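Please open the structure in a viewer and keep the selection panel at hand.

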Amino acid sequence: MVEFLPALIGGILIGGSAGAYMLFNGRIMGVSGIVGALISLTTPGDWKERIFFVIGMLLAPAIYGLFTTLPSVEITSNIAIIVIGGLLVGFGSRLGSGCTSGHGVCGLGRFSKRSFVAVFTFMIAAILTVFIQNHIFG
């Protein structure tokens, strides 16, 4: 199989899913918004839809793993780093009014200026994080 083919197929599936979600539900398929509303129960009428969405996100890698070898993932055993990272991601999602999936896939697809600024900010932060990790702490 061509090396880029799984990523291409995955990208097409994510983009198509985001478009279908917007078309049929009239809402953006941003994970932070879906999970956040599920946790806070701010919109109790669609909690089933949100639960099925989260279950689908959790089951998709397991189903994909039935057909191919999943890449190995290395996670630090330092619980402080995991907690701080999680808090920073949550804070950033709240501050940016959405997460990378909402802004990167859905927002850019709609030519949202706010999402363009958010994705640019995500990318700069990611580049700086890798640089600091590799050249200062590495």
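This is a predicted model: local features need pLDDT of at least 70, side-chain atom pairs count only at pLDDT 80 or more; totals for chains, interfaces and linings use all residues.

**First stop: the core.** Select A18, Y21, M29, I34, F53 and C106; these 6 residues form the largest nonpolar core. Next, keep A18 highlighted and display its surroundings. Leaving aside residues up to four places away in sequence, A18 is in contact with M29, V105 and C106.

**Second stop: the largest pocket.** Select G85, L88, V89, A125 and T129, which lie nearest the centre of this pocket among its 24 lining residues. The space inside amounts to about 890 Å³. Then colour helix 4 (79-95) and helix 6 (113-135), each of which contributes at least two residues to the lining. Which helix gives the largest share of the lining? That share belongs to helix 6, with 10 residues. Colouring the lining of the largest pocket by class shows 14 nonpolar, 9 polar and 1 charged residues.

Select G10, L13, I14, A60 and P61, the residues nearest the centre of a pocket that has 17 lining residues. Its space is about 730 Å³. Now display helix 1 (5-25), helix 3 (47-65) and helix 5 (100-109); at least two lining residues come from each. How many charged residues does the lining of the second largest pocket hold? There are none: the lining consists of 13 nonpolar and 4 polar residues.

Key. Residues are numbered from 1 along each chain as its sequence is written. Side-chain values use heavy atoms; hydrogens and water are left out. A nonpolar core is a set of buried Ala, Val, Leu, Ile, Met, Phe, Trp, Tyr and Cys residues joined through side-chain atoms within 4.5 Å. Buried means under 20% relative accessible area, exposed over 50%, partly exposed in between (1.4 Å probe, protein chains only). Contact means heavy atoms within 4.5 Å. On a 1 Å grid over the protein atoms alone, a cavity is a set of points where a 1.4 Å probe fits but cannot get out, and a pocket is an open set with protein on both sides within 12 Å along at least five of seven lines; lining residues have an atom within 4 Å of a point. Grid points are joined across faces, edges and corners, and a volume is the space filled by probe spheres set on the points. Helices (H or I, at least four residues) and strands (E, at least two) are DSSP runs, numbered from the N terminus. Ala, Val, Leu, Ile, Met, Phe, Trp, Tyr, Cys and Pro count as nonpolar, Asp, Glu, Lys and Arg as charged, and the others, Gly among them, as polar.
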